[in-house]
Amino acid sequence: MARISYWGKLSDVAGTHREQRPLPGDVRDTDALRAWIDMLHSGDGVFLHISNRIALNDEIVLEPSAVSDRDTIDFIPPLSGG
Amino acid sequence: MFLSVQPISAPELLAEFEQATPQAGAVVSFSGIVRPRNAAGVKVTQLHLQAYSPVTEREIAKTVEAARARWPLDGVRLVHRIGDMTPGETIVFVASASAHRRAAFEATDFLMDYLKSQAFFWKKETTEQGAEWIEPRAQDYADARRWSPEKETSDARRQ
């Protein structure tokens with residue numbers, strides 16, 4: 001099961017801040033991950049947008065990167081600042 | 001400790017910091033306070049601040065170390081509130097101590113520019129008209145660029 005977190009405004013789109021889900025077999029990289037999550041949460045393309053970055057295991061990754069069920073995944077929208 | 005879910009008192013933090021840096025000749029502090037009205041002039045009832053722990057703390061620690069490497073500092077204190085706040089509450093406290101004022105001023109400014117533009121925080125503002133996540137401001141990015149190596153190089157060329 002992958003642990004997936006949605007930060008900032010993306011938590012409103014996903015309807016949750018955190019969830020655990022098994023990744024579908026065809027979701028092997030961040031491109032497929034974005035498309036799957038966008039469909040799952042009816043994101044209307046918001047999860048595909050590159051301004052929303054992805055972190056795997058607490059590190060923002062260059063995309064596309066490989067993903068697996070063992071990963072901690074974070075969807076990171078532009079920062080608001082402190 | 002960089003993040004606090006409990007209210008923070010800037011006067012108390014400053015007093016503690018000054019006691020902890022008796023060798024300093026200059027202490028500069030900055031306190032950020034939750035504004036009573038937003039940019040559109042609408043009354044703010046609550047501000048929620050979300051941090052991406054432990055990444056937020058890890059990256060702040062790196063930036064504090066970068067400040068220590070760049071300026072001759074005797075100490076740095078940085079505390080940021082997270083969670084729910086109301087107008088008038090202190091949201092952030094940053095202080096730097098040095099032998100002389102310039103380093104303390106610049107290090108505090110540098111750390112605040114980092115917090116405003118690059119730290120992993122998201123803010124949700126609740127007003128009488130509803131709640132919305134706050135988008136980043138171009139001015140905060142412009143302020144942060146003042147400290148970039150490219151800016152230093154171009155400044156040096158002009159001198």
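Two residues are in contact when they have heavy atoms within 4.5 Å of each other. In chain A, 50% of the contacts with a separation of 6 or more are between residues 24 or more positions apart.

Before going further, a word on the ground rules. This is a predicted model, in which local features need pLDDT of at least 70 and side-chain atom pairs count only at pLDDT 80 or more, while totals for chains, interfaces and linings use all residues. Residues are numbered from 1 along each chain as its sequence is written, chains are lettered from A and ligands numbered from 1 in the order in which they are written, and side-chain values use heavy atoms, with hydrogens and water left out.

Now look at chain A. It has 2 helices and 5 strands, where helices (H or I, at least four residues) and strands (E, at least two) are DSSP runs numbered from the N terminus.

Finally, turn to the aromatic rings. Rings of Phe, Tyr and Trp (its six-membered ring) pair if their centres lie within 6.5 Å; planes under 30 degrees apart count as stacked, over 60 as edge-to-face and the rest as tilted. Over all chains, this gives 9 aromatic pairs. In one of them, Tyr6(A) and Phe75(A) are stacked, with 5.7 Å from centre to centre and 15 degrees between the planes. This pair links distant parts of the chain, as Tyr6(A) is in strand S1 (residues 2-6) and Phe75(A) in strand S5 (residues 72-76), 69 residues apart. Both Tyr6(A) and Phe75(A) are buried.

Trp7(A) and Trp122(B) also form a stacked pair, at 5.5 Å centre to centre and 20 degrees between the planes. Trp7(A) lies in the loop between S1 and helix H1 (9-14) of chain A, and Trp122(B) in strand S7 (residues 121-127) of chain B, so this pair joins two chains. Trp7(A) and Trp122(B) are both buried. Ring pairs connect Trp7(A) and Trp122(B) with Tyr52(B) and Phe120(B) in a cluster.

How values were computed: Buried < 20%, exposed > 50% of the residue type's maximum accessible area, 1.4 Å probe, protein only.
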